[in-house]
Amino acid sequence: MNFLSLLELGFTYIYSAGFIIFALGIFLLYQRNQNRYLLYFTVFAILSFLANAVDILYYYFDFEILYTFYAVFIIFEAYYLLKAVHRYFQLELNSVYLKILKLLVLVVVFSSFTFNRFIIFAPALIYLAAAFFKSADVFFNQAFNNYFNFLGFNSVALGLTVLFLPYLRFNSYFEKYGIFFKGLFSLLFMLGIFAIYYEDLHYRLKIREEQYQKLFNQSPAGMLLLNKDGKIITVNDAICQYTGYSREELEGEMMFKNLVPIEYKIRAQENIRDILNGEDKEYIMKTYNKNGSLRYFLMKETKFVQADFSTAILSMRIDYTDYKTKEEEIKYLSYHDNLTDLYNRTFLEEEMTRLNSSRKLPVSIIMIDVNGLKLFNDTFGHQKGDQLLIKTARILKESTRSSDLVGRWAGDEFVIILPDTSEADMKKIVQRIKEKCNKTNKEEIMISLAVGSAVKNKESEDLFEIFNQADKKMYQEKISQSKEAKKKLISNILSSLEAKSYEDSLHLQRMKKIAAGFADYLELENTEKSKLIELAELHDIGKISIPEQILTKKDKLNSKEWEKIKEHSEVGYKIAAASKEFASLAKAILYHHERWDGNGYPEGLAKEEIPYLSRIILIIDAYDAMLNKNYYSRKMNKKEVMTELERKAGSQFDPTLTARFIEFITAKN
């Protein structure tokens, strides 16, 4: 073997090795970026290597079948070259190339039986040359820099080399040096592929950098870059809007100067160290803007590599102020009673659990119950009842210290927890509460409370058991005070009614005097006489629930107003029934507007169905109203009143009682 043959064989080895290196390089890039065109170029390089490997094998072994493999590898090499180039430019490869591939493979396989090298090689080489020409056309048409034009010219050169390879073999010069030209063009083509990859990478990085910069500048989240010392490199517009500082006031300054409160400085320095070590941070920071307003930000911070490969910290902040405010409002509401604004039961139970394990003693507990809340609600309505609870809460807050825990335990129950408070100090607070309640006795909303208390002095004692002790004491006081409290409330109701309607004290005094005299005339027992006198005072107590504008209206009442008036009997019944002292009068109050003929209200009872005392008080009430008040169309004299009573006896009034009453009035005079 002469020197040129050895040189040609050696270069063929180098040429094949070049394809392997190219294939490995492109494949590693594919593994990193997962770009499909890199995979196709890898397959192209491997097939090129295989074709050259078969050529080398033929040199040593001279097997005719190797021609067939050589041609098949060339055909597939051509196809994957086309796929790679088209994929790079995101173009669709015409399906005709795949059809030609299938046809050529069949032609090569069948031609292999002839062992005619020309018939086997010619179609494959033409297909490969066409692939290089087509690739050149794509490179020229899609070119936006010289790399692509270079690849276009190189593809044309490779195409021509491949196309005329069978003919050039007859030229002695090309026979000696052709492999060097082909290798040179192939090497340049491989380098060109790497060049466009890095051009593509650079272009994508440039696009990404522009996108990042656009995102950075236009993001609604405040964003800034810091160096490793906490110096601000750059900020976006959102940061300026959030903080009130301009770019000039922020960029180039340490973040501790304007953006980080002094109490967060140590934490911020620790965060910088952790972030530079690869740890991402997310937290909520309280800070102040330029004008001193408090703001909350949700902070997200991470390590960031800049274009010059220097390390920075990307700090993003989202305005959290509204959310934080709402969060605090929700937390406040979850621990406070929405009516009284005191602590609620949930909070008190949590505090009792905490204080139960505390060594800070003594701990005192005051349990409070509002006397007569149900009666008050039935009388004045729930809105007034809510005002009573609010007024009670205010008294409790005013009577306690800022460190004391005052809360609403249930509907009409309140609890005061007094940390680090002795029994003596607790009793002073209880006394203040009672004194303030006593001052309300003459007010429209009178406060009467039952109070119980207990003290935890030892760690071994259970605070919840102390609570139960206070609750029992409160209940005992409630029982003892209940009668007096309700009596005070009813007295207060009568005073309020006197102030808002015609039911003045003179009218009630006259009715009580007439009732006492008529009871004697009827020879009622003392018990019944006392009931009748009390009924004279309380019969219209239910009118306290009627709006003043209806009670004092001089014109004729409309149907709705009249229905409201008629409700007072039932309200009066509820008021009396709520008190043991007056419960026996409840039905007499309920039915004191029933008529003898059954046309009264609220139930339309007739004759003896109506309670006896209700029938009596109806006559006394009508008599005093006609004689002394402008209740009817005009005031009447006594004779006119008697005539009216006689006229309505048997319809509105009990006829027998009416006759006895007329006799009683006549006998008095």
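**Aromatic rings in a predicted model**

Let me begin with a cluster in which ring pairs link Phe518, Tyr521, Tyr623, Phe661 and Phe664, where rings of Phe, Tyr and Trp (its six-membered ring) count as a pair if their centres lie within 6.5 Å, with planes under 30 degrees apart called stacked, over 60 edge-to-face and the rest tilted. What you see is a predicted model, in which local features need pLDDT of at least 70 and side-chain atom pairs count only at pLDDT 80 or more, while totals for chains, interfaces and linings use all residues. Residues are numbered from 1 along each chain as its sequence is written, and side-chain values use heavy atoms, with hydrogens and water left out.

By the pairing rule, the count comes to 15 aromatic pairs. One of them joins Tyr242 and Phe297, a tilted pair with 5.4 Å from centre to centre and 50° between the planes. Because Tyr242 lies in helix H9 (residues 237-243) and Phe297 in strand S4 (residues 294-305), this pair ties together parts that are 55 residues apart in sequence; helices (H or I, at least four residues) and strands (E, at least two) are DSSP runs, numbered from the N terminus. Tyr242 and Phe297 are each buried, that is, under 20% relative accessible area, with exposed meaning over 50% and partly exposed in between (1.4 Å probe, protein chains only).

Since Tyr623 lies in helix H25 (residues 612-628) and Phe661 in helix H27 (residues 655-668), the pair ties together parts that are 38 residues apart in sequence. Tyr623 and Phe661 are both buried.
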